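Please examine the sequence and the three-dimensional structure shown here. The paragraphs that follow begin at the surface, move to the ligand site and end with the salt bridges.

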Amino acid sequence: MNESLGATGLILNEKLLWEKGRKGRSGFSQPQRDVPVSPLPVELLGNGPDFPELSEVDVVRHYTRLSTWNFGVDTGMYPLGSCTMKYNPKTNERQAALRGLASGHPLLPESLCQGALELMVELERFLAEITGMDAVSLQPAAGAHGELTGMLVIHAHFKKNGDSRSKIIIPDTAHGTNPASAALCGYRPVPAASGPDGILEPASIAALMDAQTAGIMITNPNTLGLFETHIREIADVIHAKGGLVYADGANMNAVMGIADMGRIGVDVLHLNLHKTFSTPHGGGGPGAGPVCVTRKLAPFLPVPRIITREDGRYTLSEDFPDTIGKLLAFHGHFGVLVRAFSYILSMGAEGLTTASQLAVLNANYLKEKLKTTFHLAYDRPCMHECVFSDQKQQSAGISTLDIAKRLMDYGYHPPTIYFPLVVHGALMIEPTETESMEDLDQFVDALKQIASEPADVLKTAPIRTKVRRMDETAAARKPCLTG
Ligand SMILES: *Cc1c(COP(=O)(O)O)cnc(C)c1O
């Protein structure tokens, strides 16, 4: 590549739309007017916004150029552990864009939206089946919102029984949002340490559980990518003292069709449709965090709930006296629900199970291929993700951050780093089921190559990205949102 030409090109191109505009330039022409001019009242127009005046080609190039500064699953592998950045089948986008579904208004009378209501009822049924739970609310807008909803349900259950428990057990391998959601609900998180093999031991939970504790909030698979194999015993310990088991099922993509969370003893669980069920994740777009509960907790779910009437028609009902109320305007993010519905139908039960099996196979493949190069925090079979650390690189002065930055030069989005906190210098890699063996091999080669590079190369990385290594604190505290 000709560096100097490339650089000049960038500088010329980087002018903002406002700088590129020229008075009177335009990207369209209107048809000839055949009626008299009737200017809009000044009160309506004001002075008008100061929009730049540009040709079509200026605008198209501006936005197309901006799009090339982005990295996404449509550009390359995005192995961000605990976040499931997978390629989602485009057919589900098409279904979500169908006019009848995309342009339905939430205030439509029930007689005109029976199809949408049926889709939601069916999706609730599918999600109940997949998780092994009894009742589902599709209302929450994201994973953490689902956690809050689930915790409010737990709180309402105890309140109804006149039981004022104030604490909740949260393992050190839980997702970071778990203690925050519990605290928002007024519960005091009680930390529980995972055992030497990265999973919880029933005895240590038994030591923490008492009559003031509402239960446990357990991420399963946990953030080390490990399945909590003692969860059934742990659930028994919690239930024996009158507590409830909340499971964070955001990463259900590891266990669909394999683990039945209801039979495992889970009382409340949320899903992330924008991780496992085909809504593109990231960029702050809409998500959905449905909450699934056992029969005894169903009366507390948010309203409105969809009821199937005797004549087979669907209706929305607020008539649930024990409900925690409403957590979102209308009925949740419908477009996300359509994608999940379409994904589940197009995959079928077998397809979903295969997706989980492949997600687990891919993560274990990476784990085995890379464990001689990077320190593997817990050397045992993993689920959808595996966690390495920079322990072997530290003596050369190389850190997890350097490895992550250098990966960008190889065309990869970095994995999740420095999380979970129980692994010092963690590199948490989640390949997802959608990567082929060839792509995984290439990723392994890139990481092995990086591990053999001298420290100064890694310290100056990335060199091929538009923005080089930046001051991350300043970027967060004083963001430049216009340049
Ligand atoms: C992503 C994730 C969450 C939070 O989901 P959001 O939609 O980002 O709020 C919670 N728990 C786990 C395990 C997750 O991976």
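Leu 45 counts as partly exposed because its relative accessibility is 48%, where buried means under 20% relative accessible area, exposed over 50%, and partly exposed in between, with a 1.4 Å probe and protein chains only. The model is a predicted one, in which local features need pLDDT of at least 70 and side-chain atom pairs count only at pLDDT 80 or more, while totals for chains, interfaces and linings use all residues. Residues are numbered from 1 along each chain as its sequence is written, and side-chain values use heavy atoms, with hydrogens and water left out.

Leu 45 is found in helix α3 (residues 42-45); helices (H or I, at least four residues) and strands (E, at least two) are DSSP runs, numbered from the N terminus. Together with Leu 40 and Leu 44, Leu 45 forms a nonpolar surface patch of about 330 Å² of accessible area. Such patches are made of residues with over 30% relative accessible area and no salt bridge, like charges being joined within 9 Å and nonpolar side chains (Val, Leu, Ile, Met, Phe, Trp, Tyr) within 5 Å. Accessible areas come from the Shrake-Rupley method with a 1.4 Å probe, and for residues only the protein chains shown count as cover.

The ligand has 14 residues around it, of which Ser 82, Gly 143, Asp 248, His 274 and Lys 275 come nearest; a residue is near a molecule if one of its heavy atoms lies within 4 Å of it. By class, the shell divides into 3 nonpolar, 8 polar and 3 charged residues. Here Ala, Val, Leu, Ile, Met, Phe, Trp, Tyr, Cys and Pro count as nonpolar, Asp, Glu, Lys and Arg as charged, and the others, Gly among them, as polar. Helices α8 (143-160) and α13 (273-276) each supply at least two residues of this shell, and α8 gives the most, with 3 residues.

The structure holds 20 salt bridges, a salt bridge being a side-chain nitrogen of Lys or Arg within 4 Å of a carboxyl oxygen of Asp or Glu. One of them joins Arg 165 to Asp 163 at 3.0 Å, N to O. Arg 165 is buried because its relative accessibility is 10%, whereas Asp 163, at 25%, counts as partly exposed.

Another salt bridge, also 3.0 Å from N to O, joins Asp 210 and Lys 167. This pair links distant parts of the chain, 43 residues apart: Asp 210 lies in the loop between α10 (202-208) and β4 (213-219), and Lys 167 in strand β2 (residues 167-171). Asp 210 is partly exposed at 24% relative accessibility, while Lys 167 is buried at 14%.

Arg 406 and Glu 453 form a further salt bridge, with their closest N and O atoms 2.8 Å apart. Arg 406 belongs to helix α15 (residues 400-409) and Glu 453 to the loop between α16 (437-451) and α17 (455-460), so the pair ties together parts 47 residues apart in sequence. Arg 406, at 10% relative accessibility, counts as buried, and Glu 453 counts as buried at 13%.
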